[in-house]
Amino acid sequence: MAVSLWRSVFGSAALAAPGEDGGVAFWSNPERNGWLTKQGEYIKTWRRRWFVLKQGKLFWFKDSQVTRASVPRGVIPVAACLTVKGAEDVINRAFAFELSTRSETMYFIADSEKEKEEWINSIGRSIVQHSRSLADAEVVDYDSAKRTATTSSSTDAKPSNADQE
């Protein structure tokens, strides 16, 4: 599911190669880490994985011994996520929550209500923080856009007599 999530957000050309960490040192000082159960992308079984949230990315691993040499089993860029919220009623499991993008929703199960709330809060903060930084990077200078539009329209060909009627 993370692969298709990545593709839906960034397109297949931007899919990270296996072991690609995007320059994030996930092995040290994570914002949050811990065990969660997630559903597989293709075979819909529930598997327990070690998750690490750091610098706007949610990584997961088979075990909790994460080192520099560890290879993530998957990664979700949280800036692409729209919501993170409880989902017990959706999948009928205690301590469940969901993480949604425009095109899909992933489900996770924490070990307790407290951990579920902590993950929701941590991921939610990361979504806000990293969405804001993306928005700041995409600021458009409307004044220069207007000047360009005015300049290009003034250099257009003069209207014919038929256009002036």
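Two strands count as paired if DSSP finds at least two bridges between them. Helices (H or I, at least four residues) and strands (E, at least two) are DSSP runs, numbered from the N terminus.

**View 1. Strands S5 and S6 in the predicted model.** Strand S5 pairs with strand S6 (residues 96-100) in the antiparallel sense, over four bridges. Val-84 stands opposite Leu-99 of S6. Residues are numbered from 1 along each chain as its sequence is written. Because this is a predicted model, local features need pLDDT of at least 70 and side-chain atom pairs count only at pLDDT 80 or more, while totals for chains, interfaces and linings use all residues.

**View 2. The open sheet.** Seven strands lie in the order S4-S3-S2-S1-S7-S6-S5, with antiparallel pairing. S4 (74-77) and S5 (83-86) are the edges; each has a single partner strand, so one side of each lacks a neighbour in the sheet.

**View 3. The largest nonpolar core.** A nonpolar core is a set of buried (under 20% relative accessible area, 1.4 Å probe, protein chains only) Ala, Val, Leu, Ile, Met, Phe, Trp, Tyr and Cys residues joined through side-chain atoms within 4.5 Å. The largest has 18 residues; among those touching the most other members are Leu-58, Phe-97 and Trp-119. Helix H3 (113-137) is one of the elements supplying at least two residues, and H3 gives the most, with four.

View 4. The mean pLDDT (the predictor's confidence in each residue, from 0 to 100) of the protein is 78. Over residues 1-19 the pLDDT is below 50. It also stays under 50 over residues 144-165.

Note on methods: Side-chain values use heavy atoms; hydrogens and water are left out. Contact means heavy atoms within 4.5 Å. Buried means under 20% relative accessible area, exposed over 50%, partly exposed in between (1.4 Å probe, protein chains only).
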